[in-house]
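Look over the sequence and the model below.

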Amino acid sequence: MQPRNMSMSGVVDLAAVKAAQEAKAKAEQARAEAARQGGGGGAVSPASLVIDVDEAGFERDVLQRSTEVPVVIDFWAEWCEPCKQLSPVLERLAVEYAGRFVLAKIDVDANQMLMQQFGIQGIPAVFAVVAGQALPLFQGAAAEAQIRETLDQLVQVAEQRFGLTGLVVDQDAEPGAAPVEHEMPAGPYDALLEAAVQALDAGDFGGAVQAYRNVLSDDPGNTEAKLGLAQAELLQRVQGADPVKVREEAAEKPKDAQAQIAAADLDLVGGHVEDAFGRLIDTVQRTAGDDRDAVRVRLLELFEVVGADDPRVTAARRALARALF
């Protein structure tokens with residue numbers, strides 16, 4: 001049995017988690033600042049929002065990228081007259097949406113295999129890939145109002161279900177320019193967020209959960225509070241678990257989504273990051289429907305706890321994209 005008053009601050013690197021949360025919060029603040037001032041902090045060039053993709057780069061440029069930002073695919077050809085009407089609209093909207101999605105252009109004449117894999121019967125055809133999952137959007141040269149409505153729905157689903165808030169774009173950047181760092185003003189919830197971190201350090205996971213929820217009640221889009229809440233809830237879940245029982249159940253029920261999720265939580269808190277990720281990716285491959293979706297969502301949450309820049313997260317994102325696609 002786990003000691004009742006066990007502190008987990010030595011098992012999970014809280015300082016690293018806090019730094020990752022602060023970096024993500026800064027990115028969100030930078031997006032708002034960019035909208036007001038026409039520039040961005042830690043931002044990408046608008047030119048990077050529209051890319052040409054071929055079969056060789058599809059996994060990197062579409063599948064892997066789709067775990068960070070929605071990727072809209074424009075299947076086109078030089079001889080296709082409707083494509084010449086649609087493509088410029090999509091390119092303009094990709095810049096206008098300022099990093100909420102990336103537009104990948106695929107020439108079907110040069111990439112017949114991709115055309116076959118997506119089951120495309122005619123062009124132009126537009127798909128989206130979100131967290132490795134391909135979604136058909138529309139076919140033919142649709143009206144701009146319809147395109148905007150579809151993109152709005154895509155962005156909303158990507159953010160609410162997958163936690164993908166997109167990229168920060170520097171509208172003044174030249175193509176290929178390096179990201180520009182700007183000092184951001186302190187936010188209005190610094191005291192509450194600091195209290196939450198102190199509660200985590202003290203092993204008061206319930207207090208940390210409540211502090212993060214207090215922030216989110218006033219500011220539902222606060223990225224640092226969202227991620228902090230996920231981490232605090234993770235620690236709270238594991239604190240009350242019987243490790244022996246959880247692992248026995250996971251071993252006996254390899255296709256049980258909830259059993260594998262519980263074991264992955266234990267893996268992560270115990271420092272076995274790759275084991276946690278591998279367990280859930282294997283479970284994604286074994287399950288379907290709501291069970292599969294629950295496993296995928298938990299895996300994305302664990303990615304956030306570890307930090308997007310961690311190489312183990314990068315590798316697991318690639319593996320998840322392959323499993324989903």
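This report goes through selected side-chain features of the model.

## Basis

The model is predicted: local features need pLDDT of at least 70, side-chain atom pairs count only at pLDDT 80 or more, and totals for chains, interfaces and linings use all residues. Residues are numbered from 1 along each chain as its sequence is written, and side-chain values use heavy atoms, with hydrogens and water left out.

## Aromatic pairs

The whole structure holds 6 aromatic pairs. Rings of Phe, Tyr and Trp (its six-membered ring) pair if their centres lie within 6.5 Å; planes under 30 degrees apart are stacked, over 60 edge-to-face, the rest tilted. Phe-58 and Phe-118 have ring centres 5.9 Å apart and planes at 80 degrees, so they are edge-to-face.

This pair links distant parts of the chain, 60 residues apart. Phe-58 is in helix α2 (residues 58-64), and Phe-118 is in the loop between α4 (112-117) and β4 (125-130). Helices (H or I, at least four residues) and strands (E, at least two) are DSSP runs, numbered from the N terminus. Phe-58 is buried at 4% relative accessible area; Phe-118 is buried at 11%. Buried means under 20%, exposed over 50%, partly exposed in between (1.4 Å probe, protein chains only). Phe-58, Phe-75, Phe-118 and Phe-127 form one aromatic cluster.

## Nonpolar cores

A nonpolar core is a set of buried Ala, Val, Leu, Ile, Met, Phe, Trp, Tyr and Cys residues joined through side-chain atoms within 4.5 Å. The largest has 70 residues. Ile-147, Leu-151, Tyr-212, Leu-268, Phe-277 and Phe-303 have the most contacts inside it. Apart from that core lies another, of 27 residues, including Phe-58, Ala-104, Ile-120 and Val-129.

Asp-74 lies in strand β2 (residues 71-76). Its relative accessibility is 0%, so Asp-74 counts as buried. What joins the side chains of Asp-74 and Ser-87? A polar contact of 2.7 Å does. Such a contact is a pair of N or O atoms within 3.5 Å; within protein, one must be able to donate a hydrogen and the other to accept it, and residues adjacent in sequence count only if both atoms are side-chain atoms.

## Disulfide

The search finds 1 disulfide, defined as a pair of cysteine sulfur atoms within 2.5 Å. Cys-80 and Cys-83 form it, with sulfur atoms 2.4 Å apart. The link is right-handed, with 80 degrees about the S-S bond. Cys-80 is buried at 3% relative accessibility, and Cys-83 is buried at 2%.
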